[in-house]
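Subject: Structure for you to look at, with notes on the ligand and its pocket

Hello,

I am passing on the structure that we talked about, and my notes follow below it. Please open it beside this message while you read.

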Amino acid sequence: MAVEQTLSIIKPDATRRNLTGKINARFEESGLRIVAQRRLHLSRAQAEAFYAVHKERSFFGDLCTFMCSGPVVAQVLEGENAIERNREVMGATNPANADEGTIRKDFAESIEANSVHGSDSPENAAIEIAFFFSAIDIVG
Ligand code: CMP
């Protein structure tokens, strides 16, 4: 298995409830290392650009409104098989379908306010990491 990097976002519902540390502990306990991290408040244009792949979906407008409703924490997680490992730690997109012990099962409020985002493929991880970070920001 290869060491990978994946892009994670702690979403506004989680930062509002001061859950950054608890969520970061889940990543670290699973063997993922936080090798870059920044807290920022996305503009509407930035949220629309980040989620451009979903722009034809019915939930796109509401998703972008939510993602710029408060601060987010963008981060790069590194580890063996990091993309899939992070998706396991996060749990299913809809918290109603998430396994016990996952971040979304324990913290998410709804399918939209689902506490975390994680890249779904190596190709998207590279694009999403570059959206938030330069190479100089990522310290393994
Ligand atoms: P995320 O992994 O950030 O990718 C796109 C987001 O759209 C997703 O998590 C959800 O928060 C949000 N979303 C809202 N409604 C839906 C839906 N019906 N299906 C999938 N994603 C949705």
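Which helix gives the most to the lining of the largest pocket? H7 does, with four residues, where helices (H or I, at least four residues) and strands (E, at least two) are DSSP runs numbered from the N terminus.

Before going further, please note that this is a predicted model, in which local features need pLDDT of at least 70 and side-chain atom pairs count only at pLDDT 80 or more, while totals for chains, interfaces and linings use all residues. Residues are numbered from 1 along each chain as its sequence is written, and side-chain values use heavy atoms, with hydrogens and water left out.

A pocket here is an open set of points on a 1 Å grid over the protein atoms alone, where a 1.4 Å probe fits, with protein on both sides within 12 Å along at least five of seven lines, and its lining residues have an atom within 4 Å of a point. The largest pocket has 27 lining residues, and among those nearest its centre are Tyr-51, His-54 and His-117.

The ligand takes up the space of this largest pocket, which is to say that more than half of its atoms lie within 2 Å of the grid points. Residues around the ligand (a heavy atom within 4 Å) include Lys-11, Arg-104 and Asn-114. A side-chain N or O atom of Lys-11 is 2.7 Å from a ligand oxygen, and a polar side-chain atom of Asn-114 lies 3.3 Å from an oxygen of the ligand.

Best wishes

Conventions
A polar contact is a pair of N or O atoms within 3.5 Å; within protein, one must be able to donate a hydrogen and the other to accept it, and residues adjacent in sequence count only if both atoms are side-chain atoms.
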